[in-house]
Structures are given as C-alpha cells and as structure tokens.
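Please read them alongside the sequence and the coordinates.

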Amino acid sequence: MEITRRAVLGGLASLPFFNAPAGAAAPALTAGQALAQIAPDGYDPTPVWCYDGAVPGPEIRVRQGDRVSRVLRNKLPDDTAVHWHGIRIDNAMDGVPGLTQNAVKPGQDFLYDFAVPDAGTYWYHSHNRSMEQVARGLAGPLIIEEPDTDAPDVDHDVTLMLDDWRLDPETAKIAPFGNFHDLSHAGRIGNIVTVNGQFGWSMPVRRLDRLRLRIINGANARVFRLRLKGLEGWIAALDGMPLNRPAPATIDLDMAPAQRIDLIVDVTAEVGEMADLVSLERDGGYAVAGFRVGAGAGQTRRAAPAALPPNPVADPGDPARAPLISLQMQGGAMRGLGPTRHKGELRAGRDLMQSGQFWSLNGQAGLDDAPLVDLAQGEVRRIALINDTMFPHGIHLHGHHFHVMNADGSAGVLRDTVLVAPGETRQVLLVADNPGDWLLHCHMLGHAMSGMNTWFRVT
Ligand code: C2O
Ligand code: CU
C-alpha cells in the first residue's frame, strides 16, 4: 500500500495520544525565585518571585477560541496559585485557593487548561497571599489574539505592563510587608515604576508608525493617570473588551490596578524626538515608556481604525428591569469600622482593625461561608458599588465582565474592574452567565487582604 502523506496524518490523528487531555504535554509555567534589574543601572538587582525567571512573567499569547495550557510548577518557598485575570473561563481554573482549588504547595504542580472565549488584553497573577506575591513579581501578560483577518492594521503590537515596586533605596531589595498603614490607607504604593520590568523602558519606532499599545496596570495599589505625548489615537478596548467604536484618546487615562487599556496610536512626534507614555503624579509627570522616533517611511496619517471585533458577551437587556444589589464599602483610615462580621462573628470595629482587618463590604470583613448572593445562571443584576470610605477602590469581579452604567441609566462599557472614587457610587450591570463560585474584591491588594473581599455564586 502506498503511504500517502494524508494517510500518515490521518493515522496520527487517530492515535490515542492526540485524544489525551489537552494539557497532557502542556508547557510549564514555573513560579520561582530570581534576580531582576528593577532599579536603575548602578543599583543591585532585586531578588524577586516570578514566573519562568523573569518579571513580568512570559507573555502567554494564544488565539481566541484556543486553549491556554500550562503546568504551574511551584518552586517557591510558599503555597501559590495562578489567577487568569479578566478572562471568562471555567471556574475550576480560576486559581483562587479556598474557593476554586487548593493552594499548590512548594514542589507541587497544577495543570491550568482552559478555552479562551474572548480576544483582548488580560493578565495572570498569583492569587495566594496576592498582596505579597504579586508585589514580589508573580504576574505576567495574557494576550488573546483576534482571528487573523480581524487583526488591526498596526506596525507594532506592544504590551506595556506597568508595575510599581517598593524597594529599599540602599539595597534594592523588596521592602518588608505587613505594614498596617498601607492596609488602612491607599495600599502598598511603590517608589519605582517599571514597564515590562524595566525602569526607563523604551523602543524605536518611525514617525507615523501605528502602534497598538496594550497597557496593563499590574501594580499593587497605584492608580495611574496616563497622558500621551507625541502619540495620537484612540482607545480601542477596555479590560480586553472592544469599544463599539474606538474613542479618541484625548483625555488623561485613569487606570485602577488590574485594569487594561488597548490604544491604537500614531507616532506624531518629530524624527529625533521621543514620544512618551507619561504618568502624571502630584509633583508633575514623567515618562514611564518612551518611543525613540526614527525617520518614517514617508506615509501620511492613516484613517481612524475600525472597531475591534466584539467578543461574544450576553446581552443584558433593559438595565431598568434588572434587580438592584447594593454593595457598601466601609472602613479604612479616617472612617474606621463599626460592628462588623468576620469569620462568622460580630466584632467591634476597633478589635478587627487591631487584628489587621480594616475594610468591609456590606458589614462583612473577608469571606463568609455564604455567598454575597446566589444567582441562577443567566440572571441579570445591577450592582450599586457604594464607596463610603476616604480612598478609591478598584472593584473586580471574577469570571465575568459587567457593563459600567452611564449616568443616563444606559449600559456603558464592559469592564472587569471599575474604579470607584471616595464618596462615589457606581452602578454596574452583570449578566451572571458563568457558573461557579467567584470572588468580588478590591484590587488594591492590601485592601482585599484586610477585608474587602466577598464572593458570589452562579448556579
Ligand atoms: Cu486580578 Cu482576584 O484578581
Ligand atoms: Cu480598595
């Protein structure tokens, strides 16, 4: 018999090996310790905890509808787990010890294997003792590409993972944890900001190049306010989800921890200049990422980009018909806690604060045995996020995106994390269509650890 190429391939495809679980030969994602040059040159490298020896961890990139398959190998001296932030996946793969899996012990492996329904910019990070593990470097980008034909026409697709670090100014070692002041105030704010793990990150571009910038706020607690200099363009997606129409990026961009923004921008700075992504701070602004502008190919500016193809999210229907749930945030410095439930007991706020719990959601600090709410799959709810504290909070829902409601009561942009200013109430609209037990927490990781943490169930 003549063995044709087709017969060989057909034969292979029917071998049982190919029917093994998709993760059987999954590549490793190794959590371990390494040295990284975080501080500017001249400083010592910083001992970090990270994935595959680098900060940020490797960019995991797959196509929409494909699977992410990685064996987490824990080579840390601590339990860990990986959460895939913002991507709507199977609950068992969500990476939350105590809720969706057991923590992975030192020396153990855990197979993460899931299909990705949505294209866009996501990230992954430790979800065990995250306040400390993420601050030590356990985070990386997760990029889901659009189907080929729909990819936007850009010269560079650039991931910019922002982070801030609190380093000892003498030794460049990561400053100690466990400071109650951080927990009860804005969270652990660093003293050095990096992009892709580097201080003063830059890349060469040409004048009038078109860039897709996938900006990820991987910081522990810092809210970035970003401004473009020598770059002009559009916001194409928020938290992975495309806008119906790209919006001109003419205002400063606020980013809570964990939020992402996809920009499509043209380099308008002159040849020989720098185009910059500028972080605005109280005392001025500085470039966190720079683009060194070389001679262009002489092209003229291109037309506005088309919208990215929409992701398959459920239609929430008329928001006014959705029952309302309230979620009241309380606590923190300058307000404190009243009587608050914690681990099944009603405790005096002062006691709780002395034991390191500073925040509550609906009068409860930390996870309760019962969910905040139990929803049937497909139910729609409006959630009023009421910030009764003196600090901003970036509220994140696992396993779902929600619409941030507009002032006129219509359903606005889709996000997985929303920034709620002190004293502000924001409503979001949720279609609870992903079954499982899901966390809902503040992504200022110190706040989550000190009480601002709850969960909901979809059955
Ligand atoms: Cu980015 Cu609960 O996590
Ligand atoms: Cu918070």
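1. H403 stands opposite L429, a residue of β31. Strand β31 covers residues 425-432 and runs antiparallel to β28, the two being joined by 3 bridges. Helices (H or I, at least four residues) and strands (E, at least two) are DSSP runs numbered from the N terminus, and two strands pair if DSSP finds at least two bridges between them.

2. On the conventions: this is a predicted model, in which local features need pLDDT of at least 70 and side-chain atom pairs count only at pLDDT 80 or more, while totals for chains, interfaces and linings use all residues. Residues are numbered from 1 along each chain as its sequence is written, chains are lettered from A and ligands numbered from 1 in the order in which they are written, and side-chain values use heavy atoms, with hydrogens and water left out.

3. Strand β28 (residues 402-405) also pairs with β29 (residues 411-415), in the antiparallel sense and over 3 bridges. Here M405 has A411 of β29 as its bridge partner. The two strands make a hairpin with 5 residues between them, and G409 in the turn has a positive phi of about 85°.

4. The protein is divided into domain 1 (9-145), domain 2 (156-294) and domain 3 (319-458); these bounds come from an automatic or database domain assignment. Taken over C-alpha atoms, the centres of domain 1 and domain 2 are 23 Å apart. Their contact (heavy atoms within 4.5 Å) takes 32 residues from domain 1 and 29 residues from domain 2.

5. How much area do domain 1 and domain 2 bury between them? The value is about 2500 Å², 66% of it on carbon and sulfur atoms. Buried area is the accessible area (1.4 Å probe) that two parts lose on being put together, summed over both. On the domain 1 side, I38, T121 and M131 lose the most area to domain 2, together 26% of what that side buries.

6. Between domain 1 and domain 2 there are 9 residue pairs in polar contact, both residues at pLDDT 80 or more. A polar contact is a pair of N or O atoms within 3.5 Å; within protein, one must be able to donate a hydrogen and the other to accept it, and residues adjacent in sequence count only if both atoms are side-chain atoms. The side of domain 1 that touches domain 2 draws at least two residues from each of β2 (46-51), β7 (120-126), α2 (130-135) and β8 (139-145).

7. The rule finds 1 salt bridge across the interface of domain 1 and domain 2; the criterion is a side-chain nitrogen of Lys or Arg within 4 Å of a carboxyl oxygen of Asp or Glu. D157 and R61 form a salt bridge, with their closest N and O atoms 3.3 Å apart. A search of the whole structure finds 34 salt bridges. In one of them, E145 and R63 have their closest N and O atoms 3.2 Å apart. E145 lies in strand β8 and R63 in strand β3, so this pair ties together parts that are 82 residues apart in sequence.

8. Two backbone details remain to be listed. The peptide bond from V55 to P56 is cis, with omega near -15°, and P56 lies in the loop between β2 and β3 (60-63). N196 is not a glycine, yet has a positive phi of about 50°; N196 is found in the loop between β10 (192-195) and β11 (201-206).
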